Each structure stands twice: as C-alpha cells, then as structure tokens.
Amino acid sequence: MELSAAIDTRSSAGRLTEPGPTPLHLDRILKAGARAPDHGRLQPWRFIVLEGAMRDTFIRAAAEAKRVRLPAMTDEQLAAEREKIGRSPTIVVVGCAVNREQSKIPEMEQFAAVSAAVQNLFLSAHDLGYGVMWKTGAAAYDPHVKAAVGLKPDDHIVAILHLGTRQK
Ligand SMILES: Cc1cc2nc3c(=O)[nH]c(=O)nc-3n(C[C@H](O)[C@H](O)[C@H](O)COP(=O)(O)O)c2cc1C
C-alpha cells in the first residue's frame with residue numbers, strides 16, 4: 001500500500017478477532033515503531049507485547065482500574081470488562097520510560113516521540129491488513145497496571161494498542 005493510501009484509509013477497528021499479527025508481521029510493526037523521530041535518540045518507547053501470565057495480569061489490573069473509577073461496577077460487569085479487553089488477539093502496551101537523570105530533553109518531547117512511534121505502529125499494522133484500536137482509559141494511569149507490564153509509577157502508558165482482524 002502507498003503511504004498516502006495507508007494514511008487516507010487508516011481508521012480504528014471497533015471489534016477485533018483472530019488472527020492477530022503473525023510473529024513476522026509483529027516484528028515488522030515493532031520495527032516501524034522504533035523508526036519514529038526521537039529528540040536526543042533516547043528511545044523512550046517500550047513496546048510490551050502481552051503474552052502468557054503478563055497478559056492475564058494486565059487484563060485483571062486493567063479491569064480493576066475501571067472499577068476504581070466506577071466503584072458501582074458489579075463482579076459480573078468486572079468479568080465482562082475482562083472478557084472485552086481479552087477479546088483482542090494481540091495487545092501491545094506502549095510505554096514511555098522517561099529519562100529524567102541523564103537527559104535534558106523535556107519529558108513532553110519524550111512523550112511526543114512515543115506518540116509518533118504509536119502512529120508508526122498503527123500505520124504499519126494497517127498496511128499489513130490488520131485492524132487496530134488505540135486505547136487508554138483508566139488503565140493507562142493506574143500504577144498497578146504499569147507495574148503489571150514492568151513500568152515504573154512515573155513512566156507513562158501512551159497507548160494500549162489492540163491488534164487483530166477487523167470483525168465486520
Ligand atoms: C491518546 C489516545 C487515547 C485514546 N483512548 C481511547 C480509549 O480509551 N477508548 C476509545 O474508545 N478511544 C480512544 N481513543 C480514540 C480512538 O483510538 C480513535 O482514534 C478515535 O475514536 C477516532 O477514530 P478513528 O481512529 O477511526 O479516526 C484514543 C486516541 C488517542 C490518540
């Protein structure tokens with residue numbers, strides 16, 4: 001696909017199903033992410049592909065984060081939320097590990113570099129024929145969710161990227 005066509009046709013996929021990106025495609029998508037412009041070449045992005053136990057822990061923590069915001073949520077609604085999050089074949093949490101000690105690059109610019117990386121990931125996945133949804137919500141700001149994916153409390157979750165096949 002031409003780049004301009006990828007940009008013109010990009011849109012979010014409301015509902016995703018199997019299959020998710022193949023390992024080869026996922027590798028290409030992540031490499032595209034790492035080609036983002038990056039002031040100071042700090043590579044502040046962290047692309048965390050959720051697999052195995054980490055995926056389960058993340059889904060539980062993300063659903064709990066929603067209940068913190070909406071305490072009236074019942075256990076059934078919590079279970080439904082977990083099911084909804086887990087429906088995406090592939091979830092990539094995109095973190096910004098801010099370098100505050102050795103770098104004078106402002107935090108906002110490091111965050112901006114990671115945002116550019118997210119768009120690269122999105123367009124690359126779209127180019128390969130996958131559906132994508134960029135989400136954040138309460139989960140992105142929750143310290144337990146950050147810990148579940150190995151981020152520090154003062155790091156940022158810039159995107160919770162859901163990837164898979166668009167469900168018609
Ligand atoms: C930083 C960021 C966070 C977002 N978080 C959410 C979210 O949590 N839930 C959601 O439904 N849409 C979220 N969106 C918006 C969608 O990803 C989407 O871009 C928007 O609905 C417009 O649709 P389009 O991508 O098809 O143009 C977010 C977008 C950005 C840039």
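Tutor: Happy to! Let's begin with the surface: the protein chain exposes about 9400 Å², and carbon and sulfur atoms supply 54% of that area. Keep in mind that this is a predicted model.

Student: Okay, and how much of the chain counts as buried?

Tutor: Of its 168 residues, 43% count as buried.

Student: What radius of gyration does the chain have, and what would a compact globule have?

Tutor: The protein chain has 16 Å. A compact globule with 168 residues would have a radius of gyration near 15 Å, so the two agree.

Student: Nice. How many helices and strands are there?

Tutor: Six helices and five strands. Starting from the N terminus, their order is α-β-α-β-α-α-β-α-β-α-β.

Student: I keep looking at strand β3. Is it buried or exposed?

Tutor: Buried! Seven of the seven residues of β3, which covers residues 90-96, are buried, so the strand is largely enclosed by the rest of the structure.

Student: Which way do its residues point?

Tutor: Thr90, Val92, Val94 and Cys96 point one way from β3, while Ile91, Val93 and Gly95 point the other way. Both sets are buried.

Student: And which strands pair with β3?

Tutor: One is β2, residues 45-49, which runs antiparallel to β3 and is joined to it by five bridges. For example, Trp45 has Cys96 as its bridge partner in β3. Another is β5, residues 156-166, which pairs with β3 in the antiparallel sense over seven bridges. There, the bridge partner of Val93 is Ile160.

Student: Switching topic: where is Pro21?

Tutor: Pro21 is in the loop between β1 (16-17) and α2 (23-33).

Student: What does Pro21 contact?

Tutor: Leaving aside neighbours within four places in sequence, Pro21 is in contact with Leu26, Ile29, Thr90, Tyr130 and Leu163. Take Tyr130: it is 109 residues from Pro21 in sequence, and their C-alpha atoms are 7.1 Å apart in space.

Student: What share of the chain's contacts comes from residues 24 or more positions apart?

Tutor: Among contacts with a separation of 6 or more, such residues account for 78%.

Student: What about Ser124, which residues does that touch?

Tutor: Ser124 lies in helix α5, residues 107-127, and is buried with a relative accessible area of 13%. Not counting residues up to four places away in sequence, Ser124 touches Arg28, Ile29 and Ala32. Ile29 is also one of the contacts of Pro21.

Student: Back to the loops. What's the peptide bond from Glu18 to Pro19 like, cis or trans?

Tutor: That bond is cis, with omega near 0°. Pro19 is found in the loop between β1 and α2.

Student: And what is phi for Arg41 and Gln43?

Tutor: Arg41 has a positive phi of about 50° although it is not a glycine. Gln43, also a residue other than glycine, has a positive phi near 45°. Arg41 sits in the loop between α2 and β2, and Gln43 is in the loop between α2 and β2 too. Arg41 is exposed, with a relative accessible area of 75%.

Notes
Residues numbered from 1 in each chain as written. Predicted model: local features only at pLDDT ≥ 70, side-chain atom pairs only at ≥ 80, totals over all residues. Heavy atoms only, no water. Buried < 20%, exposed > 50% of the residue type's maximum accessible area, 1.4 Å probe, protein only. Helix = DSSP H or I, 4+ residues; strand = E, 2+ residues; numbered from the N terminus. Pairing = 2+ DSSP bridges. Rg over C-alpha atoms; globule rule 2.2 N^0.38 Å. Contact = heavy atoms within 4.5 Å. Areas by Shrake-Rupley, 256 points an atom, 1.4 Å probe, with all protein chains shown as cover.
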